[in-house]
Amino acid sequence: MRMRYLTARRVIAVALIGATAGCGNLFQSDCISIGVSGIDVTVLSASGYPPLVALPTVRLVDGDYEELAARSSDTITYRFHGAIERPGIYSVLVEAPGYFPVRRDAVQVVRSGHCNYLQPVRLTVERERVP
């Protein structure tokens with residue numbers, strides 16, 4: 001019986017050490033990060049403010065992975081987010097009818113810090129109308 005008690009104490013001690021390693025206090029959950037956007041894009045007109053005539057699309061590409069960024073619920077500005085919890089090196093392509101396309105290559109999304117959080121990249125893209 002004594003052997004079981006010692007084993008259970010050791011298991012709990014190892015679990016507590018593992019849970020707190022590198023992330024502060026076990027009871028202060030400062031290492032929880034769920035659904036963090038890797039890339040946030042704000043699309044503006046060439047004059048520096050919305051609205052654009054046509055709703056833009058924002059495409060994120062990392063190798064074989066490709067997604068259309070989601071538009072935020074904000075109806076005044078064109079803000080998009082994507083690459084949720086997905087580090088990588090992206091090409092970001094912003095397109096809209098009547099505007100020149102804009103492409104940003106080598107946009108790197110990484111994890112870092114004591115809790116290995118995803119570090120979002122914030123881009124502002126100004127669109128120029130096709131004459």
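This is a predicted model: local features need pLDDT of at least 70, side-chain atom pairs count only at pLDDT 80 or more; totals for chains, interfaces and linings use all residues.
**View 1**
Strands of a sheet pair through backbone hydrogen bonds, either parallel or antiparallel.

**View 1. The pairing of strands E1 and E5.**
Strand E1 covers residues 39–45 and strand E5 covers residues 78–82. The two pair in the antiparallel sense, over 5 bridges. Within this pair, Val 43 stands opposite Tyr 78 in E5.

**View 2. The hairpin of strands E2 and E3.**
Strand E2 (residues 57–62) and strand E3 (residues 65–68) run antiparallel and are joined by 4 bridges. Together E2 and E3 form a hairpin that has 2 residues between its strands. Asp 62 stands opposite Tyr 65 in E3.

**View 3. The largest nonpolar core.**
In soluble globular proteins, nonpolar side chains tend to be buried together. The largest nonpolar core of this model holds 19 residues. Those that touch the most other members are Ile 39, Val 41, Val 58, Leu 60, Val 92 and Val 94. Two or more residues of the core come from each of E1, E2, E5, strand E6 (88–95), strand E7 (102–112) and E9.

**View 4. The surroundings of Val 94.**
Which residues are in contact with Val 94, leaving aside its neighbours within four places in sequence? They are Val 41, Val 43, Pro 56, Thr 57, Val 58, Pro 101, Val 102, Val 125 and Arg 127. Two of these contacts, Val 41 and Val 58, are also named among the core residues that touch the most other members.

The whole structure contains 5 salt bridges. In one of them, the side chains of Asp 40 and Arg 122 meet, with an N to O distance of 4.0 Å. The pair links distant parts of the chain, for Asp 40 lies in strand E1 and Arg 122 in strand E9, 82 residues apart. Arg 122 counts as exposed because its relative accessibility is 62%, which is over 50%.

**View 5. Asp 62 and its partner Arg 86.**
Asp 62 lies in strand E2. A salt bridge joins Asp 62 to Arg 86, and their closest N and O atoms are 2.9 Å apart. This pair also links distant parts of the chain: Arg 86 is in the loop between E5 and E6, 24 residues from Asp 62. Is Asp 62 buried or exposed? With a relative accessibility of 19%, Asp 62 counts as buried, because the limit is under 20%. Arg 86, by contrast, is partly exposed, with a relative accessible area of 25%. Not counting residues up to four places away in sequence, Asp 62 touches Arg 86, Pro 87, Gly 88, Ile 89 and Tyr 90.

**View 6. A salt bridge between Asp 105 and Arg 103.**
Asp 105 and Arg 103 form a salt bridge in which the closest N and O atoms are 2.8 Å apart. Asp 105 counts as partly exposed at 47% relative accessibility, whereas Arg 103 is exposed, with a relative accessible area of 52%.

Notes
Residues are numbered from 1 along each chain as its sequence is written. Side-chain values use heavy atoms; hydrogens and water are left out. Two strands pair if DSSP finds at least two bridges between them. A nonpolar core is a set of buried Ala, Val, Leu, Ile, Met, Phe, Trp, Tyr and Cys residues joined through side-chain atoms within 4.5 Å. Buried means under 20% relative accessible area, exposed over 50%, partly exposed in between (1.4 Å probe, protein chains only). Contact means heavy atoms within 4.5 Å.
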